[in-house]
Amino acid sequence: MAPATNATLQTLLLILVFLSLPSLHKASTNQERETLLSFLSSLSTPIQSWKNTNNSNNSCSWEGITCDISNSVTQLSLPSKGLTGQISSVLSNLTNLSYLNLSHNSLFGPLPHELLSLSTSLTILDISFNSLSGSIPRTRKNPQIQVLNLSGNFFNGSIPVISSTSLVSLNVSNNSLTGPIPASLCTLSPFVTSLDTSYNKIDGKISEEIGNCTVLKIFRAGYNKLAGSLPYELFKLTSLEHLYLSSNRIEGSLNRYSISQLINLVTLDLSTNNLTGFIPGSIGQLTKLQYLLLSTNNLYGIIPTEIANCTDLKQLHVRANNLTGDLQSINFTRLSSLTRLDLYSNHFTGEIPSSIYTCTDLNALRLSRNNLYGEISSEIQNLKNLSFLSLSSNNFTNLTGTLKILSSCKNLTALLLSKNFLNETVPAVPNWEETGFRNIQVLSFENSNLSGEIPLWLSKMSKLKVLVLSKNRLTGQVPAWLGSFPCLFYLDLSSNYLSGNIPQQITILPLLNSDHPIMQLDSRHLELPIYTKSTSQYKQLAALPPLMNLSNNYLNGTIPIQIARLRSLYILDLSRNNITGSMPDSLGNLTNLETLDLSRNNLRGMIPVSLTGLHFLSSFSVAFNNLQGAVPTEGQFDTFSNSSYDGNPNLCGALIMKPCNNNGSFNDLSLSSSDGLYKLVVALTFGIFFGAVVIVITFGIFFVVLSKGKI
């Protein structure tokens, strides 16, 4: 009987447990529902769909919620929902939560440590691109976390030790983290395949322990303060596919590393560091290499001919180094996949090798600031996809022939030919089809000592946005048709021999008349960055400051009052001309101006008080004119130095320490009036008389004392 009785009791117990499961499940789901509602209440901008369904007992049907077969919450995904507020620690009560994505919102405050240190189920956490701050909490030993994305926030402090053998991806980029990359990271998390610490303030050396990340495929640590030489262990990571270490302070000789061991490398970015030495020929063994970026270092020697073995190479960037040699030695024919070639600012010599013209996928070619010479070959017309071409600062000749050839490159949008074709003449009449250059947006012929007039054929470039013709010997007037370009916002005609009036037509440039010109510009990145006189680098045309520079010419007449239409201008420079008349009061309407230079002209009258409303003005000069009256005070005028007003003897005011009289003009105690002369004569006479009396009395006393002394 005993065995039968025990069996019966066990059966009854199982039945009771089974019958109680629904109530236990209901209690569990109710608890999770309350947790989600508590999370909802912590947000400043609640999830509207949750508010509309908060009377529903089934939270699994709410937006962004995924449950398992037992109706327990396993995923919470609410990216890009406009959420604000803080992340509540109550989310750690969701004990089966394995996936949490709150990225691309406006959440702020600290990251609750409970999410990392208490949860045993969370495998993926993505809270990237919010406004979270404070330090990143440490994880407890061996959590289940596999993917941790904390990028795009305001976290500070050091990168915490992540003790997880499950971790495969860690992204803490775009924060304000300091200190070194933890040496123990790859020891405690040896199966990391992706590590991104870029765009922080991380310093120190890359530890030799990086060699413990034996399956690492992606390593990004660019835009930090990393220093010292690279560890040899880094070059033993044969699984590495993408290595990004640009914009640090890494030093050492590039040729001493065993680069050839990185047999799976697709991207090598060591640009903007302090590397020296030459590019090793062993780099040709990286047959999977597609992107080689070594710009802005101190590399010397030649580009090794073995580079031609990297037949998958798409981009080669070695600008701003000390590389030398004749480019003819490189067989570009084997680099048929090349799309971008940037050799800017080196010491290459010779002519452009014809093998470059076999790289028919090229869309960006920059050979500027080298010692290349000769004429541009018609073979360049084979580059049907070419949109960016910079040949500036070389010794190329035959401008007319070059323009005829390049007019057939229909996709050209940026053409930079400055500092070439020295002392040649700009062709007045085009010798190419009218359809040529129809897509040009950026055109530069700067500093070439070119003669002739600004040619009419430029007016056919209806998409022109940037035109630079400065530092030449161009004559004639500023063409009125320059005002017809619908997209032109950057015009530099400075340092030429242009004469005549400033045409009113250039004040109707549509983009410069707009309140929001940047909104109308293409926000896409240029194929290669462009540089201005200030050596500033611009990767987007929309980042260039709207500019009109007509300085250092022979322009005369007055400043047109219609210039007030150019309210989008950041920089207006009319200095070093023969402009007369007064400063238009309408200049005060150029509220976006940051630089205004009207120096070295023949301007008269007063400085308009309206200019005090230019709140962004940081550079201002009216030096060496014939201005008079009080220098305005308030606003930005309180910040300008006296040199801004030099050479205007009739200006006055507290800012230049010259007192003004009651009429607001400089009180220089002039002797021009007869009344002033009379007062001066009277004062001098009285002074001489009083002085004589004092002398006589003094001598009288002296003699009396002397006489008494003798008695």
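This is a predicted model: local features need pLDDT of at least 70, side-chain atom pairs count only at pLDDT 80 or more; totals for chains, interfaces and linings use all residues.
Which handedness does the link of C652 and C660 have, left or right? The structure holds 3 disulfides, and if you count the bonded cysteines along the chain, they pair up as 1-2, 3-4, 5-6.

Let's start with C60, which is joined to C67 with 2.0 Å from S to S. The torsion about that S-S bond is about -100°, so this disulfide is left-handed. C60 has a relative accessible area of 18% and is buried, because buried means under 20%.

Now move along to C186, whose disulfide partner is C213, with an S to S distance of 1.8 Å. The torsion here is about -95°, so this link is left-handed. Look at where the two ends sit: C186 is part of helix α4 (residues 185-188), while C213 is in the loop between β13 (201-204) and β14 (218-220), so the bond ties together parts that are 27 residues apart in sequence. Both ends are tucked away from the surface: C186 is buried at 5% relative accessible area, and C213 is buried at 0%.

That brings us back to the opening question. C652 and C660 form a disulfide with 1.9 Å between the sulfurs. With 105° about the S-S bond, their link is right-handed.

Methods
Residues are numbered from 1 along each chain as its sequence is written. Side-chain values use heavy atoms; hydrogens and water are left out. A disulfide is a pair of cysteine sulfur atoms within 2.5 Å. Buried means under 20% relative accessible area, exposed over 50%, partly exposed in between (1.4 Å probe, protein chains only). Helices (H or I, at least four residues) and strands (E, at least two) are DSSP runs, numbered from the N terminus.
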